[in-house]
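Please prepare a briefing on the structure shown below, covering its salt bridges, its metal site, one of its sheets and its backbone.

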Amino acid sequence: MTILTRRNLLKSAAAAGAAGIGLAAAGRFVGWAAAKPEPLILKTASIEAKLTDGAPTKNVLTYGEAGPPPVVRMKKGEPFAARLVNDIDDPTTIHWHGVRVPNKMDGVPFLIQPYVYRGDHFDYAFTPPDAGTFWYHPHCDTLIQTGHGLTGVIVVENPNDPKFDSEVVINLRDWRLGDDGQFIEQFRPRDAARSGTFGTVRTANWLDQPQYDAPAGGLVRLRAAITDVTRIYAFRVEGAEAAVIALDGNPVPQRFAPDALQLGPGQRLELAIRMPDEEGAIVSLRDVRGTKPKILATLRAVGNSVKRDMRDLGPLEVNPVAEVDVTDAKHISLALSATAENLPSDGICGSLGYSFWAINKVPWSGDTPDPTAPLAELKLGKSYVIDMENLTPHSHPIHLHGMSFKVLSSSTRQVQPLVSDTYLIQPNEKVQLGLAADNPGDWLLHCHIIEHQKTGMTSYFRVV
Ligand code: C2O
Ligand code: CU
């Protein structure tokens, strides 16, 4: 029996692409038995939190005792373990959004794992193959549970990353609160049938426009995750040179300035920001979309300039995602549309009681105890091209679990060959996404505007 050292493993995982995941899933890394990590305890709680100038908000949900869910740190290629302990009335699970985990760790109730009821726990264990910014959230009753707070950021570190002077992690989300600071109806059906119901209070790390200090003249790595249930952002940085270095956990092939870059729920932005040289100078991260632009967070330059240069930053290591063989790929057509049915559909896991949306004309009922057949069955190891078309007048962040795709082309814009798990498809856009089906199991594909997901725009691929 070969005992794998970490270094060999990283090599072989890289060489084998995502096959490494399968191996990890099968638990064949006997050499690691001793290194089994202590599980991180993620315990759900219902708390009061200060989200507005007014009274604290009741029934805010979090992992931990107080404040926002912790930033969960993992290391690329090293085993990670977490125990979800449920201490709220609603049953729950954790989905590790964007992390390519073995299927049984994916956190989708019914399709994959049982609900975790109050007082129960569930153990998650996997080895993240990719470095980058990801996030975690429940996958049942998602509108209420994530809408009330259960969204946290994941940072998967890579020791080979270029050297930054500081790192800022930002969890972007809204809250639907009334004037008294308490939760109001999480959605309105007529909005669910359009672009979704927006929150009334906008936060970064549960704060209104927080400020973080960073060394003057230094290079900041800013990681932002959009964990809101509805809002699409358009990002801009003012007061400093900034470059997009990664999106959705994967390095971008060519860096670019975030000039009103649009990203939707579920997506992640990584920026390199070169702080100004003058002490006290302010840099702002803004959302410039729509009629109410907002400063999301600011950075303040502190100390004497450390005089770094953007050009010092070497490339981020590419993640070991298997190459798509386009010449040999089968095509899968996905048409996103509205549905005229408007009937209540029964789904147990947080059905909203309506269906407004469809994939290939079917308004899917979501995560039910008796899931319908998959949207498509994919052969393990084969390449696919997903031809996805948006026939609606709204944008949809379409998210695939368990595997990363590569953006091949779009009918409406120049696209970089980004590797991602979420694609924000615009009205009337047709896009081609390349996928190597290398992770066996049932993998959800859904819009991450949760009201859309829960009213028909969700389904799954089966990889066998
Ligand atoms: Cu963020 Cu189905 O997930
Ligand atoms: Cu949508």
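**Salt bridges**

R118 counts as partly exposed, at 45% relative accessibility (buried means under 20% relative accessible area, exposed over 50%, partly exposed in between, with a 1.4 Å probe and protein chains only). The model is predicted: local features need pLDDT of at least 70, side-chain atom pairs count only at pLDDT 80 or more, and totals for chains, interfaces and linings use all residues. Residues are numbered from 1 along each chain as its sequence is written, chains are lettered from A and ligands numbered from 1 in the order in which they are written, and side-chain values use heavy atoms, with hydrogens and water left out.

- R118 forms a salt bridge with D89, with 2.4 Å between the closest N and O atoms (a salt bridge is a side-chain nitrogen of Lys or Arg within 4 Å of a carboxyl oxygen of Asp or Glu).
- R118 lies in the loop between strand 5 (95-97) and strand 6 (121-126), and D89 in the loop between strand 4 (80-85) and strand 5, so the pair ties together parts that are 29 residues apart in sequence. Helices (H or I, at least four residues) and strands (E, at least two) are DSSP runs, numbered from the N terminus.
- D89 is exposed, at a relative accessible area of 63%.
- K294 and D208 meet through their side chains in a salt bridge of 2.7 Å, N to O. Because K294 lies in strand 19 and D208 in the loop between strand 10 and strand 11, this pair ties together parts that are 86 residues apart in sequence.
- K294 is buried, with a relative accessible area of 19%, whereas D208 is exposed, with 55%.
- A salt bridge also joins K382 to D328, whose closest N and O atoms are 3.9 Å apart. K382 is partly exposed at 39% relative accessibility, and D328 is partly exposed at 46%.
- The count comes to 29 salt bridges; a network of them links R73, K75, E157, D161, E167, R221, R223 and E270.

**Copper site**

- The protein donors of the copper ion (ligand 2) are H396 (ND1), C447 (SG) and H452 (ND1), which lie 2.0 to 2.1 Å from it. Donors are N, O and S atoms within 2.8 Å of the metal (3.2 Å for Na, K and Ca); water is not among the atoms, so sites may look incomplete.
- H396 belongs to strand 24 (residues 396-400) and H452 to helix 5 (residues 450-453), so the pair ties together parts that are 56 residues apart in sequence.
- H396 and H452 are both buried, and the donor residues have the spacing H-x50-C-x4-H in sequence.

- An open sheet of five strands has the order 11-19-18-13-16 and mixed pairing (two strands pair if DSSP finds at least two bridges between them).
- Strand 11 and strand 16 (261-263) are the edge strands, each pairing on one side only.
- Strand 11 and strand 19 (residues 294-302) run parallel and are joined by five bridges; Q211 stands opposite T298 in strand 19.

**Positive phi values**

- W206, a residue other than glycine, has a positive phi near 65°. W206 sits in the loop between strand 10 (201-204) and strand 11 (211-215) and is buried at 5% relative accessible area.
- D248 likewise has a positive phi, near 50°. The place of D248 is the loop between strand 14 (241-247) and strand 15 (250-256), and D248 is buried at 3% relative accessibility.

**Whole chain**

- The protein chain has five helices and 30 strands, and 57% of its 464 residues count as buried.
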